[in-house]
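This report covers aromatic rings and the charges placed over them. Please look at the structure first.

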Amino acid sequence: MKTVQIRKFILLDNKYKAKIISGKKVTTVRYGKYEAKPGSEVYIVITPSDTAIAKARIKEVRTKKVKELTNEDAKLDGFSDVRELVRELSKIYGELYGDDEVTIIEFEDVRPLKEGIPLKWLKGLNYRDPYEIVEVALNNFSDLSLTQDIEIILKRIKERGLREAAKNFGPKRVQQALLKAYHVLYDKGLI
């Protein structure tokens, strides 16, 4: 069985969003072998919209057989008991057997984002927070070779958020402004 590497983000179903934000779900149980580096920062991305909703730190990664899962494992994953957890896992992965291996990825320090960020935008920005890019770009704007159009878009993001800026200028223009700012800041060594 192939090992899946988790480096920059974890995908979770939208139905778990409230439990993640409220802290009632602090693990994800996955069928098979997964690797993640404890202490690393990841985005929590909900599907099917592929939108980042929070940042978190990987606390621990451990493997177990399905038959070794406990009620405590279930509660950390936002379920009432181990039967409910295994039932949900079986819906996702098909019928699971007692000797099947699962990986439990525990996260901590969950920090909800100001608003959802499309995963494809984060990938284009090398997983940098768009608000960090906006802040650094506006603080150093006179030293950067960016257009006034980009400045206006960045100011709108800062004042009203990504969603509102995308409504005003169109998502493509907002994404392009962020990408241009990111690349100029990167080239100057500012991020």
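## Charges over rings

Lys25 has its charged end over the ring of Tyr16, 4.6 Å from the ring centre. A charge counts as over a ring if NZ of Lys or CZ of Arg is within 6 Å of the ring centre and within 35 degrees of the ring normal. The charged end of Lys19 sits over the ring of Phe79, at 5.7 Å from its centre.

## Basis

The model is predicted: local features need pLDDT of at least 70, side-chain atom pairs count only at pLDDT 80 or more, and totals for chains, interfaces and linings use all residues. Residues are numbered from 1 along each chain as its sequence is written, and side-chain values use heavy atoms, with hydrogens and water left out.

## Aromatic pairs

The whole structure contains four aromatic pairs. Rings of Phe, Tyr and Trp (its six-membered ring) pair if their centres lie within 6.5 Å; planes under 30 degrees apart are stacked, over 60 edge-to-face and the rest tilted. One of the pairs is Tyr16 with Phe79, edge-to-face at 6.2 Å centre to centre and 75° between the planes. Tyr16 lies in the loop between β2 (9-13) and α1 (17-22), and Phe79 in the loop between α2 (71-76) and α3 (82-93), 63 residues apart. Helices (H or I, at least four residues) and strands (E, at least two) are DSSP runs, numbered from the N terminus.

Tyr31 and Tyr93 have ring centres 5.8 Å apart and planes at 40°, so this pair is tilted. Tyr31 is in strand β3 (residues 27-31) and Tyr93 in helix α3, 62 residues apart.

Tyr16 is buried, at 10% relative accessible area. Buried means under 20%, exposed over 50%, and partly exposed in between (1.4 Å probe, protein chains only). Tyr31 is partly exposed, at 29%.
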